[in-house]
Number of protein chains: 2
Amino acid sequence: MTDLPDGAPPRGLEERVRDARGLLESGVDLWVATSGPAGPHLVPLSYLWDGSTLLLATARTSATARNVLADGRVRLALGRTRDVVMVDGTAIPVDLADLPTGTGDAFAARTGFDPRELGGRYVYLQVRPRRLQAWREENEIAGRDVMRDGRWLA
Amino acid sequence: MTDLPDGAPPRGLEERVRDARGLLESGVDLWVATSGPAGPHLVPLSYLWDGSTLLLATARTSATARNVLADGRVRLALGRTRDVVMVDGTAIPVDLADLPTGTGDAFAARTGFDPRELGGRYVYLQVRPRRLQAWREENEIAGRDVMRDGRWLA
């Protein structure tokens with residue numbers, strides 16, 4: 001499940017911050033966890049990272065959209081199970097027409113799909129990370145916080 | 001993000017069931033979503049699949065364990081973001097001493113870690129899938145259910 005060397009020493013904070021930024025910039029898909037009356041929900045979605053917020057899009061009728069409209073708290077996972085970046089934040093719904101055209105174009109170019117072409121069925125979700133964590137294996141659980149209260153720790 | 005051919009036709013039900021069973025059997029790690037007062041939680045964990053239930057283990061003090069003790073509903077994701085198996089079910093906590101020795105041995109062999117050696121800090125979680133879904137890309141969203149009410153559909 002991993003191509004990392006067994007028993008690699010834990011990374012320091014600066015390396016984790018650099019790796020987390022790198023993954024946010026290079027990744028295309030992530031996992032989105034939300035919660036609602038039907039329990040926890042989890043789906044893969046594509047995203048655009050602009051350096052400070054993640055932009056997602058989902059159908060208005062999806063469990064993810066319904067959950068977020070009632071309770072915006074989300075937890076996102078990027079990367080593989082043994083090299084993760086976890087994001088806690090609040091998702092803010094943005095109507096298709098309210099997103100700047102250039103941002104919508106960037107989202108479409110990045111993800112390969114353009115929700116604006118789907119006749120109003122979709123909504124964007126903007127997530128500004130409040131906390132970010134980065135770890136690989138058990139020996140990196142300690143020191144996993146790389147952002148707190150919206151601020152990078154290094 | 002995918003090594004699948006672009007525009008591959010959607011798989012039929014029987015192929016999806018076969019692929020989902022194959023992934024359950026061959027995989028080692030999954031994503032676990034739970035919910036609680038602090039919002040949605042999400043972490044990667046290792047698992048053992050015995051053909052009908054998934055066995056996980058987590059620290060008793062973890063957010064996952066605390067959430068499950070209050071509300072057992074979980075949603076699990078196996079596979080990559082563009083070739084997923086999603087599991088909805090209820091997690092039942094099992095004390096270390098209450099798991100049959102052979103099952104504990106199989107868990108340790110499979111996951112590479114043995115919670116029984118960690119001095120009572122861990123608890124097992126047993127999840128019997130109620131619903132299973134399998135999809136790759138957008139064109140497989142329709143027909144994604146491969147198990148309902150605990151029964152494989154093919």
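**Ground rules.** I'm working with a predicted model, where local features need pLDDT of at least 70 and side-chain atom pairs count only at pLDDT 80 or more, while totals for chains, interfaces and linings use all residues. Residues are numbered from 1 along each chain as its sequence is written, chains are lettered from A and ligands numbered from 1 in the order written, and side-chain values use heavy atoms, leaving out hydrogens and water.

**Confidence.** I looked up pLDDT (the predictor's confidence in each residue, from 0 to 100). Chain A averages 95, and 96% of its residues score at least 70. For the complex, I noted an ipTM of 0.94 and a pTM of 0.95.

**Interface.** I find 31 residues of chain B and 32 residues of chain A in the contact (heavy atoms within 4.5 Å). About 2400 Å² is buried between the two chains, 64% of it from carbon and sulfur atoms (accessible area lost on being put together, 1.4 Å probe, summed over both parts). Trp31(B), Pro40(B) and Leu42(B) supply 28% of what chain B buries against chain A, more than any other three residues.

I then checked charges across the interface and got two salt bridges (side-chain nitrogen of Lys or Arg within 4 Å of a carboxyl oxygen of Asp or Glu). Arg82(A) forms a salt bridge with Asp29(B), with the closest N and O atoms 2.6 Å apart.

**Arg16(A).** I placed Arg16(A) in helix H1, residues 13–26 (a DSSP run of H or I, at least four residues). Arg16(A) is buried (under 20% relative accessible area, 1.4 Å probe, protein chains only). I found no salt bridge for Arg16(A); the nearest side chain of opposite charge, Glu140(A), is 4.0 Å away. A polar atom of the Arg16(A) side chain does lie 3.2 Å from the backbone oxygen of Gly143(A).

Note on methods
Helices (H or I, at least four residues) and strands (E, at least two) are DSSP runs, numbered from the N terminus. Buried means under 20% relative accessible area, exposed over 50%, partly exposed in between (1.4 Å probe, protein chains only). Lys and Arg count as positive and Asp and Glu as negative; His and the chain ends are not counted. A polar contact is a pair of N or O atoms within 3.5 Å; within protein, one must be able to donate a hydrogen and the other to accept it, and residues adjacent in sequence count only if both atoms are side-chain atoms.
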